[in-house]
Amino acid sequence: MKASASTIDSYVDQLLMVLDEDIRHIQDTLLQLDELRGLVIKRDDAGLSRLLGAIRAKADCYAANESKRQSLRRDLAKAFGWDVAQTTLSRLETALPDDKRAQVADKKTELRMLTNKLKKEHLSTAMLLSECARFNNLLLKSIFDLGKTGTVTYRANGATSRQTDKTLINLHF
């Protein structure tokens, strides 16, 4: 069933607003990833906690926007008589008049560019966190393996002895 042109225009206008919100969300996420890397490098636990709280606070807003986008997708599919799974921005472009087609194409291009950038930034952040975890594991392994290497310790009288247990501090005087 095809809907009227004014109904379709209304749905498309609403979709464009939702896509604008998606663009803002991706831009915010890019900034948050950059901030996350900086806070990890600085070892700023308080800053990391604040950032995590801000991310959690915005999660509900994004979920609401996602729900609105899916609802508009269903409405547009019904309006054009399409299957919901086949209702994409590319297909929508082909069915719209020139002015709306250009707006949808611009949003699609911007979203594609931002999502590609987000993939790269996400990968960079994941690699940094992976390296931090690897470094921490090596550090902890070296600390707890001290007893296995037979570390030389010095006593108060200047005599040396090998540490063969796994204690971190030798309290012999």
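Me: Where is T87 placed?
Reply: In this predicted model, T87 lies in the loop between α2 and α3 (89-95). Helices (H or I, at least four residues) and strands (E, at least two) are DSSP runs, numbered from the N terminus.

Me: Is T87 buried or exposed?
Reply: T87 counts as buried because its relative accessibility is 8%. Buried means under 20% relative accessible area, exposed over 50%, and partly exposed in between (1.4 Å probe, protein chains only).

Me: Which residues does T87 touch, not counting residues up to four places away in sequence?
Reply: T87 touches R73, L76, A77 and W82, where contact means heavy atoms within 4.5 Å.

Me: Now the core. How many residues are in the largest nonpolar core?
Reply: The largest nonpolar core has 20 residues, and those with the most contacts inside it are I8, V12, L15, L76, F80, L92 and L96. Such a core is a set of buried Ala, Val, Leu, Ile, Met, Phe, Trp, Tyr and Cys residues joined through side-chain atoms within 4.5 Å.

Me: Which elements give two or more residues to this core?
Reply: They are α1 (5-42), α2 (45-80) and α4 (98-144). The most comes from α1, with nine residues.

Me: And L15, what is it in contact with?
Reply: Leaving aside its neighbours within four places in sequence, L15 is in contact with R69, L72, L76, L89 and L92.

Me: What pattern does the chain follow along the sequence?
Reply: The pattern is α-α-α-α-β-β, with four helices and two strands. Of the 173 residues, 25% count as buried.

Me: What should I know about the numbering and the model?
Reply: Residues are numbered from 1 along each chain as its sequence is written, and side-chain values use heavy atoms, with hydrogens and water left out. As this is a predicted model, local features need pLDDT of at least 70 and side-chain atom pairs count only at pLDDT 80 or more, while totals for chains, interfaces and linings use all residues.
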